[in-house]
Amino acid sequence: MNEPMAERERECPDQTQPGWASSEFADLYAEHSRAIFYLALRFLGDPQKAEDATHDVFLKAFRKMDQFRGEASWRTWLYRIAINHCRNLQQSWNERHMFSNADEAIWENAVAQSESPLRVLETKELGERIQTALDALPDEYRLLLLLIADEQLSYEEVGTLTEQSADAVRGKLHRARKAFAVLFKKTE
Amino acid sequence: MNQHKKFNSGQEHEQIVESQTTQNSVQEFSSVEQLLRHDADRTAAPASIEQRLKKSSADFPQPSRPWWKRLFQ
């Protein structure tokens, strides 16, 4: 009659309960929150906005869990929500500069500087240097670098998330890496 | 699996040359991705997000499981 709550949850996982009682969602948060927060932090460039965005992304995921079709991984599904959310925020803030072909010419001429390894003095300022370099990149390059840095995502999945082919991702990544390396060296 | 796919796509040469992980040590990253992974590894989501989520998700009914999960599991 008065069986423990955990016992009832196992037997009736679909019944209406307070949100976090869903162990499936708690597991989802535990496994992916770091990756989603990192993407939001480095894409938006603001810890408070990243915190709000991560909260909103997971709340949206919680409310739409029943719409998850299993065609992609949970990670990819969460990234899709996060990317859309962060892009919407950026559009409304209008904080970023527009990318132009002139900018691309600068990156293309920067090959020599970017092919040496990145030597970094491990300090608390390292995150600030990374953020400064990422902030100066076009949104598309910044997003590609952040996604491809996640070892759980393949080029194909990054292509799906950014609506382009895996080959296009590889081509743009080549330029994005060079651009980042140049900008990062400038932060020394 | 995905990791394997990605590394087969041109990053096999990636090696990290890392000195001691003491504060202010010099580290060398052979790719931007390695640097970002290092940055991500030391960046945790604030605990306050989880606390906020627990409160805000309590305002909504528990979502039903995806249809395919209900069907196959």
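User: Start with Asp167(A): buried or exposed?

Analyst: Keep in mind that this is a predicted model. In it, Asp167(A) is exposed, because 10 other C-beta atoms lie within 10 Å and the cut-off for exposed is 12 or fewer.

User: Which helix does Asp167(A) lie in?

Analyst: Helix H10 of chain A.

User: And how many Å apart are Asp167(A) and Leu78(A) in space?

Analyst: They are 23 Å apart, C-alpha to C-alpha, with a sequence separation of 89 residues.

User: Back up a bit. What is the mean pLDDT of chain A?

Analyst: The mean is 82, and 73% of the residues of chain A reach 70 or more. Residues 1-17 of chain A have pLDDT below 50, and this stretch has 11 contacts in the model beyond near neighbours in sequence. Where pLDDT is low, predicted coordinates should not be read in detail.

User: OK. How many helices and strands does chain A have?

Analyst: There are 10 helices and one strand in chain A. The order from the N terminus is α-α-α-α-α-α-β-α-α-α-α. Of the 188 residues, 35% count as buried.

User: What share of the contacts between residues at least 6 apart join residues at least 24 apart?

Analyst: In chain A, that share is 69%.

User: Domains next. What does the domain assignment give for chain A?

Analyst: The assignment gives domain 1 (19-93) and domain 2 (101-186). Their contact takes 10 residues from domain 1 of chain A and 11 residues from domain 2 of chain A.

User: Which helices each supply at least two residues of the domain 1 side?

Analyst: Helix H2 (23-44) and helix H4 (74-93) of chain A, on the side that touches domain 2. H4(A) gives the most to that side, with five residues. By class, the domain 1 side has five nonpolar, two polar and three charged residues.

User: Which residues of H4(A) are buried?

Analyst: Trp77(A), Leu78(A), Tyr79(A), Ala82(A) and Cys86(A). They pack against H2, helix H3 (47-63), helix H8 (139-148) and helix H9 (155-161) of chain A.

User: What does H4(A) reach from its first C-alpha to its last?

Analyst: H4(A) reaches 29 Å over its 20 residues, close to the 28 Å expected at 1.5 Å a residue.

User: Now the core. How many residues has the largest nonpolar core?

Analyst: It has 55 residues, and those with the most contacts inside it are Leu39(A), Ala40(A), Leu144(A), Leu145(A), Leu147(A) and Phe180(A). H2(A) contributes the largest share, 11 residues.

User: Where does this core lie relative to the two domains?

Analyst: Between them, because domain 1 (19-93) and domain 2 (101-186) of chain A both give residues to the core.

User: What does Leu144(A) touch?

Analyst: Leaving out residues up to four places away in sequence, Leu144(A) touches Val158(A), Thr162(A), Val169(A), Lys172(A), Leu173(A) and Ala176(A).

User: Last one, backbone. What is the phi of Glu163(A)?

Analyst: Glu163(A) has a positive phi of about 60°, although it is not a glycine. Most residues other than glycine have a negative phi.

User: Where is Glu163(A) found, and is it buried or exposed?

Analyst: Glu163(A) is in the loop between H9 and helix H10 (166-186) of chain A. Glu163(A) is exposed, because 7 other C-beta atoms lie within 10 Å and the cut-off is 12 or fewer.

Note on methods
Residues numbered from 1 in each chain as written. Chains lettered and ligands numbered in written order. Predicted model: local features only at pLDDT ≥ 70, side-chain atom pairs only at ≥ 80, totals over all residues. pLDDT = per-residue confidence, 0-100. Contact = placed C-beta atoms within 7 Å. Domains from an automatic or database assignment. Helix = DSSP H or I, 4+ residues; strand = E, 2+ residues; numbered from the N terminus. Nonpolar A, V, L, I, M, F, W, Y, C, P; charged D, E, K, R; others polar. Core = buried A, V, L, I, M, F, W, Y, C linked by C-beta atoms within 7 Å. Buried ≥ 20, exposed ≤ 12 C-beta atoms within 10 Å, placed from the backbone. Expected span 1.5 Å × (residues − 1).
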